[in-house]
Amino acid sequence: MTVLAVAEHRRGELRDVSDQLVAAGYDLADETDSELHVAVVGGDTAEYGDRLNRPSVDVVHTVEAGAEFNHDVSVQAVEQLVDAVDPTVLLLPHTVNGMDYAPAVASQLDRPLVTDAVDLAVDDDLTVTRELYGSKVETTVDVHADRAVVTVRPGEWPPADGNGEASVEAFDATIDESQVRSTVTGFEEAVSGDVDITDADVLVSVGRGIEEEENLDLVRDLADALGATLSASRPIVDNGWLPADRQVGQSGKVVTPDVYLAIGISGAVQHVAGMKGADTIVAINKDPNAPIFDIADYGIVDDLFDVVPALTEEFQ
Amino acid sequence: MKILVTVKEVTVVDDEFEIDGLSIDDRYVTYDLNEWDEYAVEEAVTIAEDVEDVEVVTVTVGPERADETIRQALAKGADRAVRVWDDRLAEASMLDPATKARLLGAVAEEEDPDLVLTGVQSGDDSLGATGVSLAERLEMGWAAVVNQLDLSADEGVAHVHRELEGGVDEISDVELPAVLTIQTGINDPRYASLRGIRQAQSKDLAVKSLDDLGLGPDALDSPIEQTALYEPETEGEATLFEGGAGETAGELAGLLREKGVGQ
Ligand SMILES: Cc1cc2nc3c(=O)[nH]c(=O)nc-3n(C[C@H](O)[C@H](O)[C@H](O)COP(=O)(O)OP(=O)(O)OC[C@H]3O[C@@H](n4cnc5c(N)ncnc54)[C@H](O)[C@@H]3O)c2cc1C
Ligand SMILES: Nc1ncnc2c1ncn2[C@@H]1O[C@H](COP(=O)(O)O)[C@@H](O)[C@H]1O
């Protein structure tokens, strides 16, 4: 039996999630007495192949396939590799690019797909733990099949590191160009404004709990009183209430301030990805079950419209 | 041109809730149009306003209750709606991406759209997989997590930005027909006008069973079974300040001062 994990790279770099996938693959392979294979499709396969040669990896497959990710190419390459290796479990990342090709791979292979796994176990069946309702609830699903495709949530497994003794093998995939229906023409970085929230020592961060644009003054006043910088969760930026360079999270900025004050922010995984590295996290949220309290150091379970003005007053 | 928009009625859980078997106890839930689908509907309706002769059809898999949610999309300007339901669906505790793609795909095959818009993910299940599964099933092109769309129907291409991690967009061209999964922030969803809400009441909302769609009962067969639903043990060790707002704010102020904030 074999577990196959496919790494991710972008613009010349192997992404961190790759070593996390290797770690998830290792756990699964260990539990089921399977071989662990890792693959990388496209990019600098020589360098990536070397990097992915982590302890306990049996084989690294490198597939030449252009510099950047193209989902049509990846689907074909991974499908052919799966045909050759026949893994019981294929692990892909639940990243933006993972979302762009994992469902197609599963569908092409006619294997069941479970996405965004936070834990994996094997008894008779593969059991996948995932989160529902914005991480308020967890669920387990059993896959009653002998083959499966699972996408793994970034940041859940500690990354594999060190050097292993895998054999690094080039795999030739034949790409049918007529099945390539999309072309990547470039990349664009978000333009940054005059404030760099990644530089701030103290961030006062506001989320959808603020309800109305007019209410933003409440948190602005607090930030001013504290000498802090104002940042936000995604909905605030989506609404156009604050510019994009204030957004904390997966698609915004990763911040590591001394103090991060999350006000009316639920703590969705994509938000947490951007702020879990803060030294001290303080949450103000009226929902005692909000997942932000799982990573907060200090919290107040109350209405922000009562607490925030009172806190501002303390500093005036 | 025809645009098909998949819309989901999502379950919204109250702050305090109880679990009943494999679902949240009815008493603690409300329902709403999926946030991501609001943006997808807006994108379709905007295209219909800008380009001549565009029909916007929404499709949902859901029980009768979902009609209310579907009417929200109709009130915002979709032309008509299809709702897929079958009592056998009520027994399924969850629908996996392949099953959703089969059901939505059957409607898409009947409708034969030029463009399909879905949300990136549903706010309750968060599979993040239905759109691309559907594309593969329909043998269409696709792009996931689209935050900018410029449709060039003459060339048969959609120019899109895909929002990657870390504030980087990938720019790509996708051949039409295609399925695009729409990210929040791509546009500014409108509120339904009173007139829109009134008009929505008389728009066509067709209910289709599996039989109507030519799907046998095995269309619901899935090897994926939900086995448990529970509140996660909190890993958190947060110190909670308790008392009235004046008190908690005072304690927090003390902590912040200790950390050298606001001096
Ligand atoms: C591909 C992808 C990328 C994403 N990238 C990001 C990202 O970079 N950054 C990001 O933030 N999100 C991102 N998201 C969105 C993310 O999934 C969540 O939707 C978002 O983080 C929710 O923001 P929020 O916490 O402000 O809102 P909600 O989840 O709606 O939470 C609002 C909170 O406010 C609380 N509240 C309400 N009223 C009050 C009150 N009066 N007093 C106190 N508390 C109150 C509620 O209890 C709730 O917990 C991304 C999603 C996807 C799919
Ligand atoms: N039951 C459903 N009915 C209609 N559309 C759905 C349904 N479930 C998911 N979708 C669509 O697929 C998108 C992604 O959902 P999911 O893959 O469940 O996270 C949603 O934003 C909807 O557009």
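Which residues of α1(A) are buried? Before the answer, a word on conventions. This is a predicted model, in which local features need pLDDT of at least 70, side-chain atom pairs count only at pLDDT 80 or more, and totals for chains, interfaces and linings use all residues. Residues are numbered from 1 along each chain as its sequence is written, chains are lettered from A and ligands numbered from 1 in the order in which they are written, and side-chain values use heavy atoms, with hydrogens and water left out.

Now to the helix, a DSSP run of H or I with at least four residues, numbered from the N terminus. The buried residues of α1(A) are A:Val17, A:Ser18, A:Asp19, A:Gln20, A:Leu21, A:Val22, A:Ala23, A:Ala24, A:Gly25, A:Leu28, A:Ala29 and A:Thr32. Buried here means under 20% relative accessible area (1.4 Å probe, protein chains only). That makes twelve of 16 residues, and α1(A) is mostly covered. Just after α1(A), A:Asp33 takes a positive phi of about 55 degrees.

Let's move on to ligand 1, which lies between chains A and B. Among the 29 residues around ligand 1, A:Ser233, A:Ser251, A:Ser266, A:Gln270 and A:Asn285 come nearest; a residue counts as near if one of its heavy atoms lies within 4 Å. An N or O atom in the side chain of A:Asn285 is 2.8 Å from an oxygen atom of ligand 1. From the backbone, an N or O atom of A:Gly264 lies 3.1 Å from an oxygen atom of ligand 1.

Terms used: A polar contact is a pair of N or O atoms within 3.5 Å; within protein, one must be able to donate a hydrogen and the other to accept it, and residues adjacent in sequence count only if both atoms are side-chain atoms. Buried means under 20% relative accessible area, exposed over 50%, partly exposed in between (1.4 Å probe, protein chains only). Helices (H or I, at least four residues) and strands (E, at least two) are DSSP runs, numbered from the N terminus.
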